Amino acid sequence: MPPRIKITDEQILNTAVEIVQKQGIDRLNARSLAAELGCSVQPIFRVYDSMEDLKKAVFTKVSSAYVKYLE
C-alpha cells in the first residue's frame, strides 16, 4: 500500500498564498514553501510540475478571492 499523503494540495496552495501575501511573489520558491510546510520539496512537485505552475495557481486563487471581495 502506498504511503498516506501528509501534505495536501490545499495546504500547499494556501501556504504559498500566505508567503506571497507576506513577502511577495518573488520570494516564493520551493525551499521556502517546503520550510513553511515542514517537509521536503517532494510533496510540492508531486502536485505541481514546476514553480511556474504553482505561481499560476496562486494567481488564480488570489484573483478569485479578489473578485469575490468586489462582488
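Buried means under 20% relative accessible area, exposed means over 50%, and partly exposed lies in between, with a 1.4 Å probe and protein chains only. By that rule, buried residues make up 28% of the 71 residues in the protein. This is a predicted model, where local features need pLDDT of at least 70, side-chain atom pairs count only at pLDDT 80 or more, and totals for chains, interfaces and linings use all residues. Residues are numbered from 1 along each chain as its sequence is written, and side-chain values use heavy atoms, with hydrogens and water left out.

Q: How many helices and strands are there in the protein, and what counts as one?
A: Helices are DSSP runs of H or I with at least four residues, strands are runs of E with at least two, and both are numbered from the N terminus. The protein has 4 helices and 0 strands. From the N terminus the order is α-α-α-α. The C-alpha atoms fill a box of roughly 45 × 25 × 20 Å along the principal axes.

Q: Why is α1 called roughly perpendicular to α2?
A: Axes are lines fitted to C-alpha atoms, for helices over the stretch in contact, and angles run from 0 to 180 degrees between N-to-C directions. Helix α1 (residues 9–23) and helix α2 (residues 30–37) have axes that come within 10 Å and cross at roughly 110°. The cut-offs are under 35 degrees for roughly parallel, over 145 for roughly antiparallel, 65 to 115 for roughly perpendicular, and oblique for the rest. So α1 is roughly perpendicular to α2.

Q: Which residues meet where α1 packs on α2?
A: Contact means heavy atoms within 4.5 Å. On the α1 side are Gln11, Ile12, Thr15, Ala16 and Ile19; on the α2 side are Ser32, Leu33, Glu36 and Leu37.

Q: What makes α1 roughly perpendicular to α4?
A: The axes of α1 and helix α4 (residues 51–70) come within 10 Å and cross at roughly 80°. That angle therefore makes α1 roughly perpendicular to α4. From α1, the contact uses Ile12, Leu13, Asn14, Ala16, Val17 and Val20; from α4, it uses Leu54, Ala57, Val58, Lys61 and Val62. These residues divide into 9 nonpolar, 1 polar and 1 charged.

Q: What makes a set of residues a nonpolar core, and which members of the largest one touch the most others?
A: A nonpolar core is a set of buried Ala, Val, Leu, Ile, Met, Phe, Trp, Tyr and Cys residues joined through side-chain atoms within 4.5 Å. The largest has 18 residues, and Ile12, Leu28, Leu33, Leu54 and Val58 touch the most other members. α1, α2 and α4 each supply at least two of its residues. The largest share, 6 residues, comes from α1. Setting aside neighbours within four places in sequence, Val58 contacts Leu13, Ala16, Val17, Val20 and Leu28.

Q: Is Thr15 buried or exposed, and why?
A: Thr15 sits in helix α1. Its relative accessibility is 12%, so Thr15 counts as buried. Beyond neighbours within four places in sequence, Thr15 contacts Leu33, Glu36 and Leu37.

Q: Why does Val41 count as partly exposed?
A: Val41 is in the loop between α2 and α3 (42–47). Its relative accessibility is 33%, so Val41 counts as partly exposed. Val41 touches Ala30, Arg31 and Ala34, not counting residues up to four places away in sequence. The C-alpha atoms of Val41 and Arg31 are separated by 6.5 Å, and the two are 10 residues apart along the chain.

Q: Why does Asp53 count as partly exposed?
A: Asp53 belongs to helix α4. At 29% relative accessibility, Asp53 therefore counts as partly exposed.

Q: How do you know whether Gln21 is buried or exposed?
A: Gln21 lies in helix α1. Its relative accessible area is 62%, so Gln21 is exposed. Gln21 and Val62 are 41 residues apart along the chain, with C-alpha atoms separated by 9.6 Å.

Conventions: Nonpolar A, V, L, I, M, F, W, Y, C, P; charged D, E, K, R; others polar.
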